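Subject: Structure handover

Hello,

Here is the structure I promised to pass on. Please open it first, then read my notes below.

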Amino acid sequence: MLVATVVGTSIYSFYQNRHQTLTIGIYTGSSWNVPNGHQYHMIDYAIHQFKKTHPNVKINYESGIKKNNYINWLSEKIVSGQTPDIIIMPQENFDIFASEQTFKDISSFVNRDHLKDKFYPATLNAGKYHGKQYTLPYETNPTLLVTNQSLLKREKINLKSPNGFKSVNEFKQICRYMSNKSGIYGITSSYDWQDAQLAYGSKIFSGDDQQLHLTDNQVKKGFTLIQSLHDNSLVHNVTNTMFDQGKVALMPLSFAQYRSYTSYPYYVTRQAQFKIQAVKMPGKKSTPASTVGFGISSHSSKTELAWQFIKTLCADRQVQQELMKTQMGCSVMPQVIKSKKTSKILAENESTKSSIDNLLLDQILKDEVTYPKFKNYQSLMHQLDYQINEALQNGTLNSQLSTIQSNINRQLWSYP
């Protein structure tokens, strides 16, 4: 009876996979706006791996779609009833599409196949909306803090990897101390008010009512930090180029930028004659990151087959190891990040050798932040960012917080 059941299941699986076609919505190039010479390598590699177990399944994707045109292309496909079975989704667009029920809920598949422990928690949470899993994480791009070790050593400051700073207060003191030196600055302007909030673990949007809270005591600590950096060093004028010139001690930089631009650290080390080291951003659970995921269209009639391919892209160790080798972002799997192969990849790369290893990268990925999830989060954050930066530059942040909070909350109340 058992043999008959197994044989029957195998025959059913064979005919289910026979002559079926899966369509994929993807874009060309990097997800992180950095150079990428392997535009379709990963999707083709994953298809090759998938066909080892699903030889009769055809997988189609439309080439030549640039990332900045992708969302319009996808929207048109959805409106015309031609939504691909499988959809790549950047984090900045996820909330809108999830709220519009673009994806199938894959929570039961994740539980069935015991995948939760295969990913870094924040990368998996990036694909959740209102408690349901809609995408699996595929690639993530955390922010590192790059340090000018030669400049710090000259001032007898020792920042040990991976944590770098014992506390946020130590981070602030070092930034202020360095900025008091003639012609030297503590940190570049790419460290912004949102980073300062993350340093203190502040939650500016509440989970219950999705209202903005800028006047809470914990949130005020973050604003005090960024105001201090602005007042002390005119941080809004301190550029990454000034870091290249050896004038700045600290600079936040995404891992993809760090990995792809030859100026970090090879150019800097060769031209400006100073050593650099990557450390974790100050604070706990304070690493900003963006995660790209894959979901299944809510209109797809091939859910199980689509799920198997998404698993190949996102949860197959060999595919994720290839991603670590050829793409500029990070694998989403601890098993891959901590592997000897990843250690070798980082050690051989001009941009990462001697300044970051896979153990540090593992600590940084464990520290990634999970962002709030509601439909208009991204558009509200753009508005909030503009208003807060304007108040910072005008020196009126403290007096403007209540007004800014009221303006944003008024818009939240008006949304359906």
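Start with helix 14, which is mostly covered: 10 of its 13 residues are buried. Please keep in mind that this is a predicted model. The buried residues of helix 14 are Leu305, Ala306, Trp307, Gln308, Phe309, Ile310, Thr312, Leu313, Cys314 and Ala315. I also checked its length. Helix 14 runs over residues 303–315, and at 1.5 Å a residue its 13 residues should span 18 Å. The C-alpha atoms at its ends are 17 Å apart, which agrees.

Next, the nonpolar cores. The largest one has 79 residues. Within it, Phe119, Leu136, Phe294, Phe309 and Leu361 touch the most other members. Helix 14 gives this core its largest share, eight residues. There is also a second, separate core of 43 residues, with Cys175, Ile187, Leu392 and Leu401 among them. Back to Leu361: leaving out residues up to four places away in sequence, Leu361 touches Phe255, Met324, Cys330, Ile337, Leu346 and Ile356.

Now a loop residue. Is Ile26 buried or exposed? Ile26 sits in the loop between strand 1 (20–25) and helix 2 (41–50). Its relative accessible area is 5%; the cut-off for buried is under 20%, so Ile26 is buried. Which residues does Ile26 contact, setting aside neighbours within four places in sequence? They are Tyr40, Ile43, Tyr61, Glu62, Ile65, Tyr70, Ile88 and Phe294. Take Glu62 from that list. Ile26 and Glu62 are 36 residues apart along the chain, yet 7.5 Å separates their C-alpha atoms.

The largest cavity has a volume of about 210 Å³. Its lining is made up of 19 residues, and Gly29, Gln39, Ile88, Tyr138 and Gln327 lie nearest its centre. Helix 2 and strand 6 (135–148) each supply at least two residues of that lining.

Last, the whole chain. How many helices and strands does it have? There are 20 helices and 10 strands. Of its 416 residues, 53% count as buried. Take the contacts between residues at least 6 apart in sequence: 76% of them join residues at least 24 apart. The accessible surface comes to about 19600 Å², and carbon and sulfur atoms account for 48% of it.

Best wishes

Conventions: Residues numbered from 1 in each chain as written. Predicted model: local features only at pLDDT ≥ 70, side-chain atom pairs only at ≥ 80, totals over all residues. Heavy atoms only, no water. Helix = DSSP H or I, 4+ residues; strand = E, 2+ residues; numbered from the N terminus. Expected span 1.5 Å × (residues − 1). Buried < 20%, exposed > 50% of the residue type's maximum accessible area, 1.4 Å probe, protein only. Core = buried A, V, L, I, M, F, W, Y, C linked by side-chain atoms within 4.5 Å. Contact = heavy atoms within 4.5 Å. Areas by Shrake-Rupley, 256 points an atom, 1.4 Å probe, with all protein chains shown as cover. 1 Å grid on protein atoms, 1.4 Å probe; cavity = no way out; pocket = protein on both sides within 12 Å on 5 of 7 lines; lining within 4 Å. Points joined across faces, edges and corners; volume = space filled by probe spheres on them.
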